[in-house]
Structures are given as C-alpha cells and as structure tokens.
Amino acid sequence: MRRKIVAGNWKMNKTPSEAVELVNMLKPLVANDDVDVVFCVPAIDIIPAIEAAKGSNISIGAENMYYEESGAYTGEISPAMLTDVGVKYVVIGHSERREYFAETDQTVNKKVLKALEHGITPIMCCGETLEQREQSVTVDFIRQQVKIGLLGVTADQAKTIVIAYEPIWAIGTGKTATTEQAQEVCGKIRECIAEIYDQATADAIRIQYGGSVNAKTAPDLFAQPDIDGGLVGGASLKADFGAIVNYNK
Ligand code: PEP
C-alpha cells in the first residue's frame, strides 16, 4: 500500500519572514498521520521554514537543484547545500523551469541522478501542453519524459522517487484535469515504469497529480488507484492546503 504524499510548490512566493508565518499558520492544519506532507519553498526560505516546521509532520523541500557538486555555477544551489540543512525532497523539471529556464529531459535526468546520489527524493515533473493533448500525443510525450528522466536510475532507486503528472494546461489556470484524465495518464505512467523495470517497482513508485488541485477536487483525485497524492501550487499558500492534505477526513 503506497503512502500518500501531498507537496506544496510555493514557486517564487513568500519572503523568509512570510515563509515562517505561513508555516506557522499551516502547521496545525496539515497534521494527518496518513500522508507525507512536503512544502517545497524558494531556496532562501528553506532554512527559516525548516526551523518553523520543527516538531511538526512537515518536511521542507527545494524547488530546484543543480546537478554538479560545486564550482563556478553562479546562482545555483548544490545537493550538498540542501542536505546540509535537512532537505529531503526536491522538485525537478517543473514545467515552469522547462519553459523559462531551458530545462530539458536531459538536465532533468542529470538532476534526478544527482539528487538520488545525495539521498534527496526527487519529485520529477512531467506533463503535456494543451496542443499535445488535442493532438492525442499525451501518453507518447509523457512516456518519453519519464523514460529519459529515469535513464540510469536503478529499480531500487526508482522505488523511492515521486513522479508528478502535471498537465501544463491545468497549472495555475483553475482548470483541473478531470479525475478520469488524471487517472488515465497516471496509470499509463505506472505501466511505463513496469515496462522499464518490473511490476514491483511500478507498484512502489508514488505518482502525484498536479494542476489546480483544490480542497474540492482533491478527494476524488487522490482516491484514484494510480494517484498517490498531489503537487499543489496556488492552494499550497492558503489554509486550503490543510483541507487538501486532510482529503480523507
Ligand atoms: C504547480 O505549481 O506545480 C501547480 C500544480 O500549480 P497550481 O496548483 O497552482 O496549478
């Protein structure tokens, strides 16, 4: 039985002092023993957020990470910098990073491998554009993203990672994929994992849905057989996030 995982993606929101306020506000609301709860926050918010989250069930994650150990990579953050302060999760290959910061399936793969090497759980994102959906190439496209993203990842490593299926047309638009659309693609991702590895790996890997998830849509989405939780943007900055995490109460 896979444990649910609900992660917030704060994107470029909240100063360090606002981050502390938000963690303190959400701490009592996100208590749920059945769910892993992660707040993926801007790099500068990581340390104060970790401090504020102490004693709660919240893990703090990063929104990005570079794939080299250290060196002349101005502006980047290394895996060792993240683990040194207690970061356990990192979002990799979010569609906004692919669109605005030239991330590719190849850089996603390098980052996934590097995160795993450092014991950080990657939340590896994939998702199609509206045009791709309309051209009926969604599953082909997602399979390619997943296969390249996981190149060189062993079955044992793959069992620990999280894949976030986030249709680009549903991110920040208020347009949630229907439960059927989300389940269909998450099911196809699981089939793809079984093809690459084996059924045991496919059964272990956690697959989230992301794209305008809110307190109303979460219960149905998270009840689907292949959806193991959500990656949540806008609603993770509000009290709503507590209701999303407590979708089963
Ligand atoms: C996201 O940023 O990953 C996301 C899904 O955003 P939103 O929930 O706002 O659509």
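## A buried asparagine in a loop

At a relative accessibility of 4%, Asn32 counts as buried, because buried denotes a relative accessible area under 20%. The structure described here is a predicted model. Asn32 belongs to the loop that runs between helix H1 (16-26) and strand S2 (35-41).

Two side-chain partners of Asn32 can be named. The side chain of Asn248 makes a polar contact with that of Asn32 at 3.0 Å. The side chain of Asn246 is joined to that of Asn32 by a polar contact of 3.3 Å.

## The ligand and its surroundings

Which residues are the closest to the ligand? They are Lys11, Glu166, Gly172, Ser212 and Gly233, within a set of 14 residues that surround the ligand. By class, the shell around the ligand comprises four nonpolar, eight polar and two charged residues. The space that the ligand takes is the second largest pocket.

For Lys11, a polar side-chain atom is placed 2.8 Å from a ligand oxygen. For His94, the corresponding distance from a polar side-chain atom to an oxygen atom of the ligand is 2.9 Å. In the case of Asn9, an N or O atom of the side chain is 3.0 Å from an oxygen atom of the ligand. On its own the ligand has 290 Å² of accessible area, and the protein covers 96% of this area.

## Positive phi values outside glycine

Ala102 has a phi near 55 degrees, a positive value in a residue other than glycine. Its place is in the loop between helix H4 (95-100) and helix H5 (105-117). Is Ala102 buried or exposed? Ala102 is exposed, because its relative accessible area is 59% and the class of exposed residues begins over 50%.

Ser136 also has a positive phi in a residue other than glycine, with a value near 60 degrees. The loop that holds Ser136 lies between helix H6 (130-134) and helix H7 (138-149). With a relative accessibility of 63%, Ser136 counts as exposed.

## Residue pairs along the chain and in space

Val6 is located in strand S1 (residues 4-9). Val6 has a relative accessible area of 0% and is therefore buried. Between Val6 and Ile244 there are 238 residues of separation along the chain, while their C-alpha atoms are separated by 8.0 Å.

Glu21 is placed in helix H1. With 57% relative accessibility, Glu21 counts as exposed. How many residues apart in sequence are Glu21 and Pro225? The two are 204 residues apart in sequence, and their C-alpha atoms are 35 Å apart in space.

Glu191 is part of helix H9 (residues 179-196). Its relative accessible area is 44%, so Glu191 is classed as partly exposed. Glu191 and Ala202 are 11 residues apart in sequence, with a C-alpha to C-alpha distance of 7.0 Å.

Technical notes:
Residues numbered from 1 in each chain as written. Predicted model: local features only at pLDDT ≥ 70, side-chain atom pairs only at ≥ 80, totals over all residues. Heavy atoms only, no water. Near = heavy atom within 4 Å. Polar contact = N/O pair within 3.5 Å; in protein donor to acceptor, adjacent residues only side chain to side chain. Areas by Shrake-Rupley, 256 points an atom, 1.4 Å probe, with all protein chains shown as cover. 1 Å grid on protein atoms, 1.4 Å probe; cavity = no way out; pocket = protein on both sides within 12 Å on 5 of 7 lines; lining within 4 Å. Sits in = over half its atoms within 2 Å of the grid points. Nonpolar A, V, L, I, M, F, W, Y, C, P; charged D, E, K, R; others polar. Helix = DSSP H or I, 4+ residues; strand = E, 2+ residues; numbered from the N terminus. Buried < 20%, exposed > 50% of the residue type's maximum accessible area, 1.4 Å probe, protein only.
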